[in-house]
Amino acid sequence: MVDATALLADLTAESDQLDALVSGLPPEDWARHTPAAGWTVAHQIAHLAWTDHVAGLAATDPDAFYASVLSAPDPARLVDDGAESFLAPPAALLARWRDGRTALATALAATPAGEKLPWYGTRMSPASMATARLMETWAHGEDVADALGVTRAPTARLRHVAHLGFRTLGHSFAAHGRPVPTDPVRVELTAPAGDEVWAFGPAAATDRATGPALDFCLLVTQRRHRADLSLVATGPVADEWLDVAQAFAGPPGAGRAAEARP
């Protein structure tokens, strides 16, 4: 069973790490372009603030959440419009993000473990919602770090991201219009500290994906192209999965292009 208190503490720690990266930035750095097309550092934080807000609605006022979905002028631009709507000068944007993520953590802590919260195309337990928020905070934090030329040391919190990436195997295939495989896949990842292996799936599965946990997390959040990562797929299901993997809800992500090689 998931330790909700520990999970929410990890979500807070992940948010605080990104907060520390951006809180002292001069205004011109907030305007830096990130790897996400059309998004600046400010857009990345505004997106997190907006998503925390709608996740809070899902946890506290499902009717208001559904109303926000139905009132969207262009569902295809929901995410971009959400980020745009939450843009503000850096100090105000930071305050908005901090207040929203604190309110969300409080709401998730108060939600019974067995309750299912509405979300885009699915329903989620409070633990799954917290895990998804941690995944997004880490992934968008990578975008910010890339824009600033900063390399962040991976932490044990990536286990949450890796587990979510494993659990969304079926969604990854379905989102790309491909049949969901019935053969299981075993995932074995070297933890960031190098002192243990994080394993998911049946030990006897013949389809396997192995490599560094950081690389797997970069893949399932589509922050790096598969060709630029040290992941090994054994078996046809695992091999196809690594081409379409995505840990986030919604339609297929555009992913990232492979790095140019001489």
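Two strands count as paired here if DSSP finds at least two bridges between them. Helices (H or I, at least four residues) and strands (E, at least two) are themselves DSSP runs, numbered from the N terminus. The model is predicted, so local features need pLDDT of at least 70 and side-chain atom pairs count only at pLDDT 80 or more, while totals for chains, interfaces and linings use all residues. Residues are numbered from 1 along each chain as its sequence is written, and side-chain values use heavy atoms, with hydrogens and water left out.

Let us start with the sheet. Strands E4, E3, E5 and E6 line up in that order to form an open sheet of 4 strands with mixed pairing. At its edges sit E4 (197–200) and E6 (232–234), each of which pairs on one side only. From one strand to the next, the twist averages 10 degrees.

Now walk across the sheet. E3 and E4 run antiparallel and are joined by 4 bridges; one of the pairs is Leu189 with its bridge partner Trp198 in E4. These two strands make a hairpin with 6 residues between them, and in the turn Gly194 has a positive phi of about 75 degrees. Thr210 stands opposite Val232 in E6.

Two helices accompany the sheet. Helix H10 (residues 213–220) packs on it, touching E3 (185–190), E4 and E5, and its direction makes about 110 degrees with that of E5. Helix H11 (residues 236–244) lies across E3, E5 and E6, at about 50 degrees to E5. Contact means heavy atoms within 4.5 Å. Axes are lines fitted to C-alpha atoms, for helices over the stretch in contact, and angles run from 0 to 180 degrees between N-to-C directions.

Next come the helix pairs. Two packed helices are described by the angle between their axes and the distance between the axes. For H3 (residues 41–60) and H7 (residues 126–148), the angle is about 175 degrees and the axes are 9 Å apart.

A cavity is a set of points on a 1 Å grid over the protein atoms alone where a 1.4 Å probe fits but cannot get out, and lining residues have an atom within 4 Å of a point. The count comes to 1 cavity of 30 Å³ or more. The largest cavity has a volume of about 70 Å³, the space filled by probe spheres set on the points, which are joined across faces, edges and corners. Its lining includes Glu14, Trp138, Arg152 and Leu214; H1 (4–22) and H7 are the elements that give two or more residues to it.

Conventions
1 Å grid on protein atoms, 1.4 Å probe; cavity = no way out; pocket = protein on both sides within 12 Å on 5 of 7 lines; lining within 4 Å.
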